[in-house]
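Welcome! Here is a short tour for anyone meeting this structure for the first time, with a few stops along the chain.

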Amino acid sequence: MNESWKNPYVAGSPIRGEEMFFGRDEVFRWLRDHLMGQFQDNVIVLYGERRTGKTSILYQIPRRLGDASYLPVFIDLQQLSLDSMSSFWWQVAIKISSELRKVEGIAPINRPERPNFADAPGVYFAEVFLSQIQETIGQQRRLLLMFDEFERMRTKVKAGEFPADVFDYLRSLMADHRLSIIVSLGSKLEEMESEYSVLFNQAIYHKITFLNEADARVLITQPVAQYYSYPNEAIDFILKAASGHPFYTQHICHAIFARREMGNVALVGVEEVRQVLPDVVEATAQNLKFTWDDVGAAEKVVIAALATQNSEVGHAVSRTTLVRLLQTGEVCPPAGELTTALQTLRTRDILREEKSGEYAFTIEPFRLWLSKERRLDFVREDLAKEGVIERWQSSAPSVPAKSWWRQPTWVMLAVMLLVIIGLGVVLLQKVQEQKSVAATATAFAKLLPGELIAARGTADAAANDLIRLNDTATAVVLTKTAEKELAVDMATVATIAFATPTSMATIPQEQENVTATAEAKVAATAIAVAVQASATAAAGVVANLEATAAAAAVPTPTPALLVATIINPALGATVTTELVFQVQAYDPGVGSTDGAGIDLVEMRIVDSKGTLVYERTEKNAAYCAFGGGEPTCLVWVFADHNNTWPNGSPVENGTYTLQAAVQAKDGRSIEVQTIIEIQLPTPTPAPTPTLTRTSTPKLLVLFPPSHQILFTSNRSSTADLYVMNGDGSGLTQITTNVAYEPDFSRDGKRIIFTSGTETPPRTHVCLYIVPLNSPEELLDSLFLEKAYNIGGCNFWDNWEGVLSPGGQQIAFVSSRENQGWEIYTMNIDGSDLKRLTQNLNEPGKGSVKFWGQAWSPAGQHIAFVVQQEGRTEYDGPSDVWVMDTNATKFDQLTDKGPINIRPAWSPDGQQIVFASNRDGNFEIYVMDANGTNERRLTNSPFDENFPVWSPDGNWLAYVRFTTNNHDDGDIFVMTTDGNCPITDCNVTKNGANDWDPIWVP
């Protein structure tokens, strides 16, 4: 795929740069007015719902504020370690000093030392640190502290971990130290206003809501103007579906771009936009769940009920209809709570009031998610368990004795019959009269293929089957048929008369014999629907049915067969040294370019015994079994991988079948295959094989990296696992009770980590594995419940577990057998334990230990570190070695030092990255996999360690320490040639210690 065809939309992360930030001019005008005017000594609060753009606005303030006298400092409280006030103020001071070092004309500021904040952190921060800052920046400039995710401060105060007067202290800083403060708040604004009045009573508030229509239109159209365009009706549809919400607008446009083919410049129609909405629901499900979890019981039943309406995007529902839906679902809150809930949902931008008393969802993906994940009957069950339904029912007023539905049965029947007859007259004008109820059911079965319509043999079965009919709330009770005469109950009379054109003359007289059975409840529901509906709505139902019938009468053209070809290798080809497996596929109904209309291609290699030895799935237009891209695929050179397939299976002589299963975007599929013969040359022994690196064209690498990073941090006082996006956004804590040294299997189906501590109170260090269906399950609340101990650790320590590429074995370091640090392997169930290393007593070096192991991508070799026993990681000496997994051959790769540590393989297995202090301090180096061609990638005055390659081979993550005790690590990223494509590639920027990064597959 052409590298210029890049998705410009930012789906999920805050907008840091200028290119994809649109609008908000009124916000920045408001900020300028209130920062520089009479309100400059007041806290400024930007509030609004999640993902409305508050963080993005804070990122833009340095560029958009328009006043150089303000020095903005962005502080993300989600990324700070808030374990104590001393840690908090030290980290704030670090942020300030780091940002000011970037400002021209300001003298260098020394990095604050943590011990200075230990005893009286607030006093030191204000009286010493801020005083030094003010002296440095001068009286004409003013610090502007921008606190994002400010609710986290409240959480710490409520937990008793921060003193309640921290907000008073912030207020005093503004008054005494020429400091301005902006904070962003979400849905907890009212609670913070009431609880911390000293800070917030004098605050100035501005709500951050959706983009205005003009700015939203620019966001939709401008980024893709060079690729394709939108007609007005498609833009209007997106505006209705997202209401200008920047997060969901970006997601919709991102999904549209992802589905389109390069070079297809046709207009994007409404139907294409509609088709991506399920993709948006899936991509934003976590955020939608946050919104759901953050509202009360009454709000939940309201939106769950409104989501049951099978309506067009933006369709509004009246309060009367809403009350009926709630009553039918037996979840109706008292009138006062219902009014408050509707007001809350409007205030929180979840619903909008189209006109007086009519409500619609602002975000269509939310309605779609609710209709699937939060059905009204499920919500009722949950609220009933919590006692909410009982409370609502007990508070409901009693029904007056003379209500019409309390009248004698004959009165109710008379009213129902009048309604039915009136609706029947209207419908009789639209559709030819049928001769029997059974015939009517048959006709509807033809009109609505795929719906649940069937003739039932008994009245009980019919009363239980209700279906949704088009966009109305009409319930159709399925007809009862039998070989004898039809018996029609009142439910059938009501619904068939309303929803179908049955003549009243065809209704049998047996209706007078209707008894109070289970069917009576169905009849009552159906009649309530009929009373609420108007004759106009009924006519609309008929019109929809007629249109459905007309559409069904038009034959659907049979789509052309998919085109799929294995273009390399040729059928019957004999392969001796290398293999290229490339597929071309397209849907002729969409286009003739490779990948047109194709969703994915799964490529498989099967040996002569029928055993699957390798498989790979590609979802882009470069269908290559071993990776690569247009115009060429990667070549799998057998000798470079010890004559194994990428999953470690051996390549043997014989016949192989190459299969390709192609799936189109509309669900159609086709399979093709070719047969080849593999004849490996007779191996020639060589003392040290020389690796030949395949020349790969240099690709354009754009920030941020596409993969997430899992890492260890002590920002919450103990070492635990965190995950974040490649640019540092989306930070989430994964564990909460000591976890470090994580590693993934290449397929993302397993993760291993170490837990335990050697500091008092000592616990043995153990390995734990968590099975995953996909890497996304890192965020599953049951993540740790699925963890199981592997290898035992009751009497010894096991640590540094790394998973083999196939995820079936573990290489780890253990102190078992009283042999010190040795490297072992075992299966993931603990079986087949093997010791690979032997503690040596080398002349001049003494006893040594083995650690830092890393599997090669093909799974046939392990790189590791050999170091003198008793030495720590940073006081060596040590070198990088490599061995085969049978521990029969060992090769030393480094001999310059004294310290060479932390080896990690490139995804293609041709290079190894490592850390070394050979040039003074620790830097990141890379070498070929046989130890040649060493070169340095970093060059800074600080120690750098823990390098690791991204799965796509484009990035390296590593850790930089700025103190000698290596307890303040930050995670950086760089391209594989050692460059940072942006101003600052520090993606954690945290005052705590971050280390052990790995990339999420």
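## A buried aspartate

Let us begin with Asp996, which has a relative accessible area of 10% and is therefore buried. This is a predicted model, so please read each description here as a description of that model. Asp996 sits in strand E46, which covers residues 994–999. Its backbone also deserves a look: phi of Asp996 is near 55°, a positive value in a residue other than glycine.

## The chain as a whole

Stepping back, you will find 25 helices and 46 strands in the chain. The chain has 1001 residues, and buried ones make up 49% of them. Among contacts with a separation of 6 or more, 58% are between residues 24 or more positions apart.

## Other backbone details

Arg24 also has a positive phi, near 70°, and is a residue other than glycine. You can find Arg24 in the segment before helix H1, which spans 25–36. Because its relative accessibility is 4%, Arg24 counts as buried.

For another kind of backbone feature, turn to Asn568 and Pro569, which are joined by a cis peptide bond with omega at about 5°. Pro569 belongs to the loop that runs between strand E11 (563–568) and strand E12 (574–575).

## A link from the start of the chain

Ala11 is another residue of the segment before H1. Is Ala11 buried or partly exposed? With a relative accessible area of 32%, Ala11 is partly exposed.

Setting aside neighbours within four places in sequence, Ala11 is in contact with His251 and His254.

Take Ile252 as an example: beyond its neighbours within four places in sequence, Ile252 is in contact with Ile238, Ala241, Ala242, Val273, Val276, Leu277 and Val280.

## A mostly covered helix

Helix H5 runs over residues 151–158 and is mostly covered, with 6 of its 8 residues buried. Which residues of H5 are buried? They are Glu151, Arg152, Met153, Arg154, Lys156 and Val157. After H5 comes Gly160, with a positive phi near 80°.

## Where two helices cross

Our last stop is a pair of helices, H15 (residues 319–328) and H16 (residues 335–347), whose axes come within 13 Å and cross at roughly 120°. Because of that angle, H15 is oblique to H16. The crossing of H15 and H16 is right-handed.

Which residues bring these two helices together in contact? From H15 come Arg319, Leu322, Val323 and Leu326, which meet Ala335, Leu338, Thr339 and Leu342 of H16. The residues of this contact of H15 with H16 divide into 6 nonpolar, 1 polar and 1 charged.

Conventions:
Residues numbered from 1 in each chain as written. Predicted model: local features only at pLDDT ≥ 70, side-chain atom pairs only at ≥ 80, totals over all residues. Heavy atoms only, no water. Axes fitted to C-alpha atoms, helices over the stretch in contact; angles between N-to-C directions. Helix = DSSP H or I, 4+ residues; strand = E, 2+ residues; numbered from the N terminus. Parallel < 35°, antiparallel > 145°, perpendicular 65-115°, else oblique. Left-handed = near helix turned anticlockwise from the far one by under 90°. Contact = heavy atoms within 4.5 Å. Nonpolar A, V, L, I, M, F, W, Y, C, P; charged D, E, K, R; others polar. Buried < 20%, exposed > 50% of the residue type's maximum accessible area, 1.4 Å probe, protein only.
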